Amino acid sequence: MRFLITGAAGFIGSALSNHLVQQGHTVRGLDDLSTGDPDTLSPNVSFIRGDINDRPKLWTLLQDIDCVYHLAARVVVPESVLYPREYNQVNVGGTVTLMEAMRDVGVRRVVFASSGAIYGNQNEQPVKETAIPNPRSPYAVSKLAAEYYTHTIGSLWGIETVCLRIFNAYGPHQQIPPTHPPVIPYFLRQAYQNATLVVHGDGSQTRDYVYIDDVVQALSMAANAPEINRQTINIGSGRETGVRELTRLVLEITGKKPEIVYNIRNDGGPGRMCANLNQAREKLNYAPHIPLEIGLQMTIDNDPRIRQTS
Ligand code: NAD
């Protein structure tokens, strides 16, 4: 098949691009490199630097494409609190631009990378797709709005659409920005540097950490699965892990004993988050394979930045 992947130089985009070319597919990748790194891409991926809101560029890139994976986005939740306009422009505006360009060119299917963040606080866990969204940040709102645009424009113009609500993905080559880094690469790197692990909130919050290979598995099945048009499907590990438990695992696996500080004045985000995977199993034949303990070890083994000591 011929794929266009937006956000191809990012954490999930590069893993997906490399997997698909390895399977013999043709992959074009678009990324503005605001955070992405094109060096993580296989030379068999045709990479083009560009903005998701550049419609003429999208017209060219979409020629002869069978399926689009739309991953390009700004992804840092606290940053979205400071710059909601920018998050709206890229995450919502970029999705609308892409859908319009897909309509113009005539592409069969788009798989949109949405987020478990759209749920916010939910009493019922593991959370089902039918739960009423309760977004807590401009980032989460932007992903929810983009889901609606994807499905609505798709149904108006005959484009097949599927939105995958990915929970906390982790694995090698995840971005580690200097402020607000994702918790797993941050904890692992801090542990190896014998530096303090700062936990936001009291550490009682739970998350569903899903290894990158499982996310790639789900994305790759979404390109061809039948009867998933207009569906919104959770992708996670189905296992609920407290942040305190995560710190314990990090210490055990790294064999380090860094100081752990609980910053209880900081908002630790929603209290509980865990994906109900019934829809993913039924519609995508999805089953997560990598337990957290193994995934943490694979992240350490395959990402040299983690063990770097400064
Ligand atoms: P990432 O930041 O590594 O990847 C996003 C990519 O988009 C980056 O390479 C960035 O350079 C690119 N990009 C940003 N603005 C762009 C623009 N205007 N034009 C073109 N490219 C642009 O993040 P990721 O973790 O790989 O996330 C990929 C997608 O999956 C995002 O849409 C994100 O919302 C979604 N998602 C990720 C997770 C997770 O845990 N990683 C969870 C839920 C959803």
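The model is predicted, and local features are considered at pLDDT of at least 70, side-chain atom pairs only at pLDDT 80 or more, and totals for chains, interfaces and linings over all residues. Residues are numbered from 1 along each chain as its sequence is written, while side-chain values rest on heavy atoms, with hydrogens and water left out.

An open sheet is formed by seven strands in the order β3-β2-β1-β4-β5-β6-β11, with parallel pairing; strands (E, at least two residues) and helices (H or I, at least four) are DSSP runs numbered from the N terminus, and two strands pair if DSSP finds at least two bridges between them. Because β3 (46-49) and β11 (231-235) stand at the edges with a single partner strand each, one side of each is left without a neighbour in the sheet. From one strand to the next, the twist averages 20°, axes being lines fitted to C-alpha atoms, for helices over the stretch in contact, with angles from 0 to 180 degrees between N-to-C directions.

Strand β1 (residues 2-6) is joined to the parallel strand β2 (residues 26-31) by five bridges, and Phe-3 stands opposite Val-27 in β2. Helix α5 (residues 138-157) packs on the sheet, where β5 (109-115), β6 (160-166) and β11 are touched (contact meaning heavy atoms within 4.5 Å), and the direction of α5 makes about 160° with that of β5.

Four bridges join β2 to β3, which run parallel, and Gly-29 stands opposite Phe-47 in β3.
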